[in-house]
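Morning, everyone. Let me put the chain on the screen, and then I will walk through how its pieces pack.

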Amino acid sequence: FPSHDTRLKNLKEARDKEILIPRELVRRKFAAFDATLKTNLRDMPRRISAQVTALGASEGQAAVERYLEEQISAAISRSVTEAQKLGIL
């Protein structure tokens, strides 16, 4: 493991070369991504419950499972798109 002095020197060099990302910027971006992900997933039951009920009654469990997988994938895709806009990915 590098010594404390070595780590401090490396950090100073990285800061001088502007290759460090400010901690607060990282926190803000990940907080925004976290909020987006939670919103996309938490809103899902309200948004799709009627469709799930109808599919279950008309087409059965396999159709409901396919629909839920599609909706979860879509929510994740929306979150990834938002993360890209935030510059996280």
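Some ground rules. This is a predicted model, where local features need pLDDT of at least 70 and side-chain atom pairs count only at pLDDT 80 or more, while totals for chains, interfaces and linings use all residues. Residues are numbered from 1 along each chain as its sequence is written, and side-chain values use heavy atoms, with hydrogens and water left out.

Outline first. The chain has 4 helices and 0 strands. Helices here are DSSP runs of H or I, at least four residues; strands are runs of E, at least two; both are numbered from the N terminus. Read from the N terminus, the order is α-α-α-α.

Now the overall dimensions. The C-alpha atoms fill a box of roughly 70 × 25 × 15 Å along the principal axes. The radius of gyration is 22 Å, whereas a compact globule of 89 residues would have one near 12 Å. That radius is taken over C-alpha atoms, and the globule rule is 2.2 Å times the number of residues to the power 0.38.

How much of the chain is buried? Buried residues are 16% of the 89. Buried means under 20% relative accessible area, exposed over 50%, and partly exposed in between, with a 1.4 Å probe and protein chains only. On to contacts, meaning heavy atoms within 4.5 Å. Of those with a separation of 6 or more, 57% join residues 24 or more positions apart.

Next, the helix pairs. Start with α3, residues 44-58, and α4, residues 61-86. Their axes come within 9 Å and cross at roughly 160°. Axes are lines fitted to C-alpha atoms, for helices over the stretch in contact, and angles run from 0 to 180 degrees between N-to-C directions. So α3 and α4 are roughly antiparallel. The cut-offs: under 35 degrees is roughly parallel, over 145 roughly antiparallel, 65 to 115 roughly perpendicular, and the rest oblique.

The crossing of α3 past α4 is right-handed. Right-handed means the near helix is turned clockwise from the far one by less than a right angle; left-handed means anticlockwise. On the α3 side, the contact includes I48, V52 and L55; on the α4 side, it includes V64, L68 and I72. By class, this contact has 10 nonpolar, 3 polar and 2 charged residues. Ala, Val, Leu, Ile, Met, Phe, Trp, Tyr, Cys and Pro count as nonpolar; Asp, Glu, Lys and Arg as charged; the others, Gly among them, as polar.

Helix α4 also packs on α2. The angle is about 160°, with the axes 9 Å apart. That makes α2 roughly antiparallel to α4. Here too, the crossing is right-handed. F33, L37 and L41 are among the α2 residues that meet α4, and A83 and L86 are among their α4 counterparts.

The last pair is α2, residues 23-42, with α3. These pack at about 25°, axes 5 Å apart. So α2 is roughly parallel to α3. N40, L41 and R42 of α2 meet M44, P45, R46 and R47 of α3.

Finally, two residues. T36 lies in α2. Is T36 buried or exposed? Buried, at 19% relative accessible area. T36 touches S79 and E82, leaving out residues up to four places away in sequence. A63 sits in α4. With 4% relative accessibility, A63 counts as buried.
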